[in-house]
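Dear colleague,

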Amino acid sequence: MVFLHKAEVHAVRDVSFSIKRDEIFGLVGESGCGKTTLGKMLVRLLEPTGGRVKIGDLDVTSLRGSELQRYWPNLQMIFQDPRSSLNPRMRIGDSLVEGLRLSGRRDLIEDTVQEIIRSMNIREEILNRYPHEVSGGEIQRIVIARAISLNPKLIVADEPTSNLDLSVQAQILTLIKNIHKERSIPCVLISHDIEVVQWMCDRIAVMLRGRIVEEGPTDDVIHNPLHPYTRELINASSFCRETTEYQEVSQTTDKGCPYAERCAMVKQECRSSEVQLKGGIHKVACRAVIEG
Ligand SMILES: Nc1ncnc2c1ncn2[C@@H]1O[C@H](COP(=O)(O)OP(=O)(O)OP(=O)(O)O)[C@@H](O)[C@H]1O
Ligand SMILES: [Mg+2]
């Protein structure tokens, strides 16, 4: 996937990565770095100003009008706040089958619902209730079930547990992991929590100010972080979890490294010219690391 750009303010710039079918790919980075924006572009809820999103050989970004409407059920996004994803005036069971109904797959409703509530441990009695009558964790389960019912080709889960009690966070993450394993649906997991991506993801990309500064297999990135920003993120996660407040940074129009103003290794050219993500399976965009 490639997003090209013009010289304007962009929440996401020069991002390019690919995901295999059997992978959970993590997008991690501080608040405001562009994770949600990128996630929405992947599922065509936001239009990139340039670049492409491809699923297999299909250029999803080229779909328009009725073609896009037909394809949309294949692109599912799960949001941070499960309650905002369900219609508060609709019974949960109706919301669950809404996707199948809207996509004209009414014949699948009965079997799919039975299969899904069984495999996802959903209590049947909640299907008759309204969203305000059940817990956030149960709602997120329904939102995930609704996404899965459409047998999507890509799932983007945007901080899917950040609004939930600690006690149910692990359950929901385990659910996503199991679904992914059983159904081989490629999944992009967005999180600001490096421990969550470490546990969930096969590969991760670290984002800063709209760009990917490091990408690679999760263990490599966590245990051998190359970019100074990745190191900062990991240190903050392990040592000052309670107290860290990530700096909200404005998106950049400048050409330099997005970490330049905070970097101890900064050189003059880091401020003035772009540095590309380089490397084999473990890539980094840092002049000091690449040039040694
Ligand atoms: N609708 C919008 N209009 C203008 N700017 C926006 C809009 N949505 C997001 N932005 C800006 O785009 C940048 C990226 O935002 P985004 O929500 O993608 O970040 P994020 O990494 O998901 O952050 P968080 O971890 O807080 O969810 C931010 O600087 C944000 O202020
Ligand atoms: Mg976000």
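**Ligand contacts and the sheet**

A backbone N or O atom of Cys 33 lies 3.2 Å from an oxygen atom of ligand 1, a polar contact in the sense of a pair of N or O atoms within 3.5 Å. For Gly 34 the corresponding distance from a backbone N or O atom to an oxygen atom of ligand 1 is 3.0 Å, and for Gly 32 it is 2.7 Å. The protein covers 51% of the 630 Å² of accessible area that ligand 1 has on its own, with areas taken from the Shrake-Rupley method with a 1.4 Å probe.

This is a predicted model, in which local features need pLDDT of at least 70 and side-chain atom pairs count only at pLDDT 80 or more, while totals for chains, interfaces and linings use all residues. Residues are numbered from 1 along each chain as its sequence is written, chains are lettered from A and ligands numbered from 1 in the order in which they are written, and side-chain values use heavy atoms, without hydrogens and water.

Turning to the sheet, eight strands form an open sheet with mixed pairing, in the order E4-E5-E6-E1-E7-E8-E10-E9, where strands are DSSP runs of at least two residues (E) and two of them pair if DSSP finds at least two bridges between them. Its edge strands are E4 (75–78) and E9 (278–279), each of which pairs on one side only. E4 and strand E5 (residues 154–158) run parallel and are joined by four bridges.

With regards

Definitions and conventions: A polar contact is a pair of N or O atoms within 3.5 Å; within protein, one must be able to donate a hydrogen and the other to accept it, and residues adjacent in sequence count only if both atoms are side-chain atoms.
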